[in-house]
Amino acid sequence: MLTRRVRMPHAVSVRAAGVPLPFARPARRRRAAHCVEGSVALAGFGRRPVLMLVVAAVILSLTVAAYAVPPRQSEAVRSVAAHPSPSTSPLGCARREPPHRFGIRVDNECVGYSDGPELLFGTGTALPEAQRRVFRYNEEVERLPLDRYQRVRLIVLTGLSGSDDGHPAERETLEGLAVAQAEALGERDRPTRPLLQVVMANAGSGGRHVDALLPELARLAQDDPTVLGVLVAMDSRTATRRAMLALRDNGLLVLTAGAVADRLRDGMTRYLQFDPPTRERAKLVRAYAGAIGRPRIVTVYEPSRSEDLAVEELRRALDAEFESYAEVPWDGSADVNALCGAGIALYGGGATGFGGFLRALHRTCGRRSPILLGVGDSVRYLLGDPRRTGRVDAPADYPFVFSGNGIGAGACRPRTDPHRLFLAVAARVLGKCRDPEDPTPLGILTVPTYDLVRVVLSAAAELNGAALTANAVHARVLESGRRRAFEGAAGPVRFGADGVVTTGGQSLMCARDVRAAYTPGNVPWEVARTGPGGVPRVRGGRCAG
């Protein structure tokens, strides 16, 4: 339809004349059963009291043996205790250890905050390891003398419940923070340069339990004067806006590194947003469409994601920019004939549904397929593991234009001196980009997070030892930007009076072959970029069409 707009050993029952023996170890089952049955059962257990005592002794010895751990297993247990599984927190969730550790169970999710490895959030390997990396830098800062170094804390408010596969954006955010922490430690002998510690705050899957967490974060900010602000890394939902306003009321600096809905910043007073406004993203798409001679656009959206305010705002902005604009709802099986021959099809749905949509589009339209442009979560289809995202099944040589930060979505070849410095630290901290020819991307949010945090730390350093309050640091960021833009890894950074970046930074990237993207010889390149003042700049070729 085309429309507008650790466990107990396993129990083994060993019968001694009909008597079950609980907790018997599997390795001793045959021997124990043979001994009991040969000595007792044939002797007539029920009529011989003495033999009953013998049986009781055997039962007792076997039960005790079941609890005993052989030396080899004891070593293994000690090893697990010393090196806990990355998918669990060593001491569980429920706790209150002021001021920097708190956890409760809400709907079988561990909701809380932590600044150390004793309490981790999420499962798998990559996500807990990203937290441990940040916590190791926390510990390094903690060992330094307080009278010599200033320190600030940032809270990362996000949703960390679940496995690695569902949290690439959160992992990228933590990696950007770790690089910023490491760089600050390397500069600690520079006067007034503050060190960074991070508190991880898990608001549950999709941030759905953020309301239960907010009072605890308010208490944390009150108890620890080094808490400067909160980096909010959650989807643009009404609950996110409530959380941001509550954090504002607690006197904290609020930061966002990824794309957010414009309405989330309404009423914010100490706010920094690294991504440009929605209207600038829409103007960038319009400029690219005009440059390649495709003035018509059809937006594909998922009705089930109606709570995503960022996509909703982008749909409205595109409608205002394009004279020929239409929408197609996609629920996994909708008719895509209306897209055949369209100039551009913009996919605004989720990453999990993108593979099916791409195959349906190619099968239905063939050579009449439109230029495919992805925003939001669909970009994860490219950046994730091809075996997990499904793009190994994508049509061969199918091009894909996607939105993101040009530096972050690029690969490991340095473009500027600040970018070169960032890559050098990232190679040491993350083990990535050790080779400039490495085609593997760092991630969409790694560089923006790093740049945003570096802007805050640089402003704090300019205060020359004065009290590091949210008001003072925020004012310094804006004042410094009026004089000269901060030179970040992703390019110049300057914020307007409303705290929104004014130096652009949003890019459209071209992946010539969606199946082979980010393999040697197939690194996506920038075809359009939002420049200073929101002025779009188109370059780098047509990508396709």
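Visitor: Which strands does helix H4 (residues 126-142) lie across?
Guide: H4 lies across E3, strand E4 (151-158) and strand E5 (195-202), and runs at about 140 degrees to E5. Helix H15 also packs on the sheet, where it touches E4, E5, strand E6 (227-233), strand E7 (253-256) and E8, its direction making about 155 degrees with that of E7.

Visitor: What do these names and angles rest on?
Guide: The model is predicted, so local features need pLDDT of at least 70 and side-chain atom pairs count only at pLDDT 80 or more, while totals for chains, interfaces and linings use all residues. Residues are numbered from 1 along each chain as its sequence is written, and side-chain values use heavy atoms, with hydrogens and water left out. Helices (H or I, at least four residues) and strands (E, at least two) are DSSP runs numbered from the N terminus. Axes are lines fitted to C-alpha atoms, for helices over the stretch in contact, and angles between N-to-C directions run from 0 to 180 degrees. Touching is contact, meaning heavy atoms within 4.5 Å.

Visitor: In what order do the eight strands of the open sheet stand?
Guide: The order is E1-E2-E3-E5-E4-E6-E7-E8, with mixed pairing. Two strands pair if DSSP finds at least two bridges between them.

Visitor: What makes E1 and strand E8 (271-273) edges?
Guide: E1 and E8 each have a single partner strand, so one side of each is left without a neighbour in the sheet. Neighbouring strands of the sheet are turned by 20 degrees against each other on average, direction ignored.

Visitor: How do you know that E1 and strand E2 (residues 101-106) pair?
Guide: E1 and E2 share three bridges, in the antiparallel sense, and the rule asks for at least two.

Visitor: Why is H15 called roughly perpendicular to H16?
Guide: The axes of H15 and helix H16 (residues 470-483) come within 9 Å and cross at roughly 95 degrees. Angles under 35 degrees count as roughly parallel, over 145 as roughly antiparallel, 65 to 115 as roughly perpendicular, and the rest as oblique. H15 is therefore roughly perpendicular to H16. Val455, Val456, Ala459, Ala460 and Glu462 in H15 meet Val473, Arg476, Val477, Ser480 and Arg483 in H16.

Visitor: Why is Ala461 called buried?
Guide: Buried means under 20% relative accessible area, exposed over 50%, and partly exposed in between (1.4 Å probe, protein chains only). Ala461 has 12%, so it is buried. This residue lies in helix H15 and is in contact with Thr192, Arg193 and Pro194, leaving aside neighbours within four places in sequence. Its C-alpha atom is 9.4 Å from that of Gln150, 311 residues apart along the chain.

Visitor: What makes a set of residues a nonpolar core?
Guide: The members are buried Ala, Val, Leu, Ile, Met, Phe, Trp, Tyr and Cys residues joined through side-chain atoms within 4.5 Å. The largest such core has 65 residues, and those with the most contacts inside it are Met200, Leu272, Phe422, Val473 and Phe495. H15 supplies the largest share of this core, nine residues. Apart from it lies another core of 32 residues, among them Val328, Tyr381, Leu382 and Tyr518. Val473 touches Leu228, Leu253, Val456, Ala459, Ala460 and Leu463, not counting residues up to four places away in sequence.

Visitor: How do you know that Cys93 and Cys110 form a disulfide?
Guide: A disulfide is a pair of cysteine sulfur atoms within 2.5 Å, and the S to S distance of Cys93 and Cys110 is 2.2 Å. The link is right-handed, with 90 degrees about the S-S bond. Cys93 lies in the loop between helix H3 (71-82) and strand E1 (95-97) and Cys110 in strand E3 (residues 109-114), so parts 17 residues apart in sequence are tied together. Cys93 at 6% and Cys110 at 12% both count as buried.

Visitor: How many disulfides does this rule give?
Guide: The count is four. Among them, Cys340 and Cys365 are joined at 2.1 Å, and Cys412 and Cys433 at 1.9 Å. The link of Cys412 and Cys433 is left-handed, with -70 degrees about the S-S bond. With bonded cysteines counted along the chain, the pattern is 1-2, 3-4, 5-6, 7-8.
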